[in-house]
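Q: Please take a close look at the charged side-chain pairs in this model. Then follow them into the packing around them.

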Amino acid sequence: MSPISAIGKFLDQPILTAKLNKHIPLILTGGAATLVAKTVHDSPKETRKKDGEKLGIILSSTVLAAVAAPKVASALTGRAATKTLAKIKSENAELANNYISKNGSDDLGKILEKAKSNILNLKEVSALFKKDKDIGNKLIPPPDNIKAKDIFKEIGWLSIYGAVPVAGGIAGGVIADRIYEPKWKNKIRDKINEGIYQYLANIFLCNIGAGIALGILEKMNIKSKAARCIGMVSGILLTGVIGGSVMANYIGNKIINPVIFKDKKEEKRTPELLDLSLHTDDIATVSLLSGLKWIEPSLPILYSISGYRAGIGYRNQG
């Protein structure tokens, strides 16, 4: 097994993904606490308490929504929920025990014994597949290319997944303003418009672009992972990065502002460095649609940034 293949298999270990998933709530909570502490430190003394408490409400709502997002998305789309760490350990133990009962605790048996509840290192992953590829594929299943009929089910799951933290951020922002700001209703519009921008430009339309590109490649019977990745990135650039901000601004200026808030004032939210960096989550989209699952634990963190920006109602022009 080549070093690159070994790294790919190492990252694809279900037990590794499950352990990362298990620690996501702690990582999100730690990140939120750090941001609140920095905000309190940087705020003027007279507003320090209010600023910290407002941000705490926004981030708490966003983090809770991000942690709940995968279950909500799975329930609404019928997608199988991610296996728990306990379930994976049970399956690994069954595989290891079946092998050891027939072959004894040889070199492969020792690797499988460790794999019952621990992550294998690169050397052990290479040895596993060198000794028995079939058993290796049972322990670390190879990534499957998603078929055309499943593409938009997966896209739907990703899009709902991204919407939940954004909605959580908006809700937290409105609650925080309601408690601390006398003219809190005046701030709702910015939160909704920023939430629409974050969702359309940074999440939904990027997913749609990747899905359409993947569907076209599937129809053309192109199965190369490299070609699929290039095609999906192209779809993301065309629909999300280029078209997302245009559509979000149009909805805000033609529907949200005049219809809901009776205000004809037009705003223009333009992409900036942090917005472009948020397209890191498109790497996760491409990876998941290409059949790779190890990137999935990063989604709550990436989508939480969009939720936070919506919660504070960030607008760079207006």
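A: Glu91 has 30% relative accessibility and is partly exposed. The class runs between two cut-offs: buried is under 20% relative accessible area and exposed is over 50%, with a 1.4 Å probe and protein chains only. Its salt-bridge partner is Lys83, at 2.9 Å from N to O. A salt bridge here is a side-chain nitrogen of Lys or Arg within 4 Å of a carboxyl oxygen of Asp or Glu. Lys83 is partly exposed too, at 46%. Elsewhere, shared partners join Lys50, Lys54, Asp177, Glu181 and Lys191 into one salt-bridge network.

The model is predicted, so local features need pLDDT of at least 70 and side-chain atom pairs need 80 or more, while totals for chains, interfaces and linings use all residues. Numbering starts from 1 along each chain as its sequence is written, and side-chain values use heavy atoms, without hydrogens or water.

The salt-bridge count is 11. Side chains of opposite charge can pair when their charged atoms come close. Helices are DSSP runs of H or I, at least four residues, numbered from the N terminus. Both Glu181 and Lys54 are buried.

Lys191 belongs to the network and lies in helix H9. Its relative accessible area is 4%, so Lys191 is buried. Beyond four places in sequence, Lys191 touches Ile170, Gly173, Val174, Asp177, Ala310, Gly311, Ile312 and Gly313. Contact means heavy atoms within 4.5 Å.

Compare a pair inside one helix. Asp42 and Lys38 form a salt bridge at 2.8 Å, N to O. They are four residues apart in helix H2 (residues 14-42), about one helical turn. Asp42 is partly exposed at 48%. Lys38 is exposed at 52%.

Now the nonpolar packing. The largest nonpolar core has 20 residues, and Trp157, Tyr161, Leu200, Leu299 and Tyr303 touch the most other members. H3, H8, H9, helix H10 (225-260) and helix H13 (299-311) each supply at least two residues of this core. H9 gives the largest share, seven residues. Another core lies apart from it, with 14 residues, including Leu95, Leu108, Leu120 and Ile140. A core is a set of buried Ala, Val, Leu, Ile, Met, Phe, Trp, Tyr and Cys residues joined through side-chain atoms within 4.5 Å.

Aromatic rings come next. There are three aromatic pairs in the whole structure. Trp157 and Tyr161 have ring centres 5.0 Å apart and planes at 85°, so the pair is edge-to-face. Both lie in helix H8, four residues apart. Phe204 is partly exposed at 27%. Ring pairs link Trp157, Tyr161 and Tyr303 into a cluster. Rings of Phe, Tyr and Trp (its six-membered ring) pair with centres within 6.5 Å; planes under 30 degrees apart are stacked, over 60 edge-to-face, the rest tilted.
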